[in-house]
Amino acid sequence: MNARLPPHTITKMVDEQAHEFRVATAAYRGPEVFAQEMEQIFYKTWIYLCHESEIAKPGDFKSTQIGTRPVIVTRGREGGIHALLNACTHRGATICREEKGNTRAFVCPYHGWSFRTSGELIGIPDDARYPEGFNKSDKNLKSVPRVAAYGGLVFGSFNPDVEPLETFLGGAKQHIDLWLKRTAGSTYRVATSHKYGFDGNWKFQAENVYDGYHPGFVHRSAFNTVRKFEGSFENRELHAAVRQQGYTRGYPEGHGTLEAGAPLESGGIDPAVRDAYNTQLKTLYGEDGAAEVLTNRQFLIFPNLTIFDFNIRVIQPIAHDRTEVYSYPLMIDGAHDEINANRMLDAQTRVGTAGILSADDIDVFAGGQNALRTEAFEWITLSRGLGKEEVKPDGERVGVYSDEAPQRAFWRKWRALMAAAA
């Protein structure tokens, strides 16, 4: 086991002053920091597990992870949601090797022990060879102590004393509510995920989600391509190096947003279909409410869940220098086929595995990890907009589109959790 870094060492890694906000490059490298992140962040707070549509029917399951711990999320026969450690209580074998599916029971591939989808042990082959008094009652699959859902998003926590989920969501809850309204009274259904990986720290991807400063530089080639297909993306500032319209927000809970201040819809939908969708939103939420719903926003729920207008992205840490990312296109149940086809197209061509944006970002992440191998480079700065942002009474901080307000919120929360008592 890696030695725990003392609180004063962690605290010094995030240096906040009136004129500068710095993060030590040591926070991105080394197994010691990574191990402590797992213990202090991923096993102490709420972590996203799945969308309810992925486990809609009794017996449905999905394999996922909380930190580096393998977990199965299931819909029990009684209809409840369960999160179970994906390890047989006999000899520790991985009991579920499928990414998703439906089953009446999980059967261990090693010695055939079987468990209900709720985790209860129901069968031991040739159990007569076990001694009299052998306790089967404590051989159920180990449950994740806390499971809760909000807006179809299912979270779990290994911390039995974790705060209520809605308290944890804090300022992000209002953005989830707006995101839900995009269904125009229906519900979301996630499609099959895209997956990609990169040789870099997971926090590079987390910081990038609400980074409004980089698109005009990192994605210039992509924007030049988009300009050749006028109408394919609407309301994008393809000619400006730094977008002037829009906002960033950072919350005390560590969450943050990037908001374009306008809809950023992909083109190609029949105008009559789009008008019907927009009219439905106005009927439900009024003129101003519909405009707010359609305003582009993407936000990170600390530490590793990103919600876009058209997809969900999960940032999965593998090691201090290796990360996997799962991107799930979001369909709207009952929506016109053109609406859902357009949502899928956006996920595939823009932020999916083969999209025009993700490859650019991945190259930057890998390059950053390589550069940070040298300990001679001690600090990065996240000071853009510092002292110029609006600070609200509840701690919410609002900056312009290119400010680093959400990144600073992330690191304040990171510092607080990492330095807290074990």
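This is a predicted model: local features need pLDDT of at least 70, side-chain atom pairs count only at pLDDT 80 or more; totals for chains, interfaces and linings use all residues.
Let me begin with Cys96, which is buried at a relative accessible area of 6%, where buried means under 20% relative accessible area, exposed means over 50% and partly exposed is in between, with a 1.4 Å probe and protein chains only. Residues are numbered from 1 along each chain as its sequence is written, and side-chain values use heavy atoms, with hydrogens and water left out.

Staying with the cysteines, if a disulfide is taken as a pair of cysteine sulfur atoms within 2.5 Å, the count comes to zero disulfides. For Cys88, which is in no disulfide, the nearest cysteine sulfur is that of Cys108, 3.8 Å away, and Cys88 is itself buried, with a relative accessible area of 4%. Cys96 is in no disulfide either, and its nearest cysteine sulfur, again that of Cys108, is 11 Å away.

Let me turn to the strands. Helices (H or I, at least four residues) and strands (E, at least two) are DSSP runs numbered from the N terminus, and two strands pair if DSSP finds at least two bridges between them. Four strands form an open sheet in the order S6-S5-S4-S7, with antiparallel pairing; its edge strands, each pairing on one side only, are S6 (81–85) and S7 (100–102). On average, neighbouring strands of this sheet are turned by 30° against each other, direction ignored, where the axes are lines fitted to C-alpha atoms, for helices over the stretch in contact, and angles run from 0 to 180 degrees between N-to-C directions. Within the sheet, S4 (residues 60–66) and S5 (residues 69–75) are paired in the antiparallel sense over six bridges, and Thr64 stands opposite Val71 in S5.

Elsewhere, S11 (residues 146–150) and S12 (residues 153–157) run antiparallel and are joined by five bridges, with Phe155 in S12 as the bridge partner of Ala148. These two strands form a hairpin with two residues between them, and Gly151 in the turn has a positive phi of about 60°.

Next, two individual residues. Ser114 lies in strand S9 (residues 114–116) and is buried, with a relative accessible area of 14%. Taking contact as heavy atoms within 4.5 Å, and not counting residues up to four places away in sequence, Ser114 touches Phe106, Val107, Glu120, Leu121, Ile122 and Gly123. Ala290, in helix H8 (residues 271–294), is buried with a relative accessible area of 3%. Leaving aside neighbours within four places in sequence, Ala290 is in contact with Leu281, Lys282 and Tyr285. Ala290 and Leu178 are 112 residues apart in sequence and 9.5 Å apart in space, C-alpha to C-alpha.

Finally, the pocket. On a 1 Å grid over the protein atoms alone, a cavity is a set of points where a 1.4 Å probe fits but cannot get out, whereas a pocket is an open set with protein on both sides within 12 Å along at least five of seven lines, and lining residues have an atom within 4 Å of a point. Grid points are joined across faces, edges and corners, and a volume is the space filled by probe spheres set on the points. The largest pocket holds about 480 Å³ of space and is lined by 18 residues, of which Phe204, Glu207, Asp211, Val364 and Ile380 lie nearest its centre. Helix H5 (202–209), helix H10 (358–371) and strand S21 (379–381) are the elements that give two or more residues to this lining, and the largest share, four residues, comes from H10.
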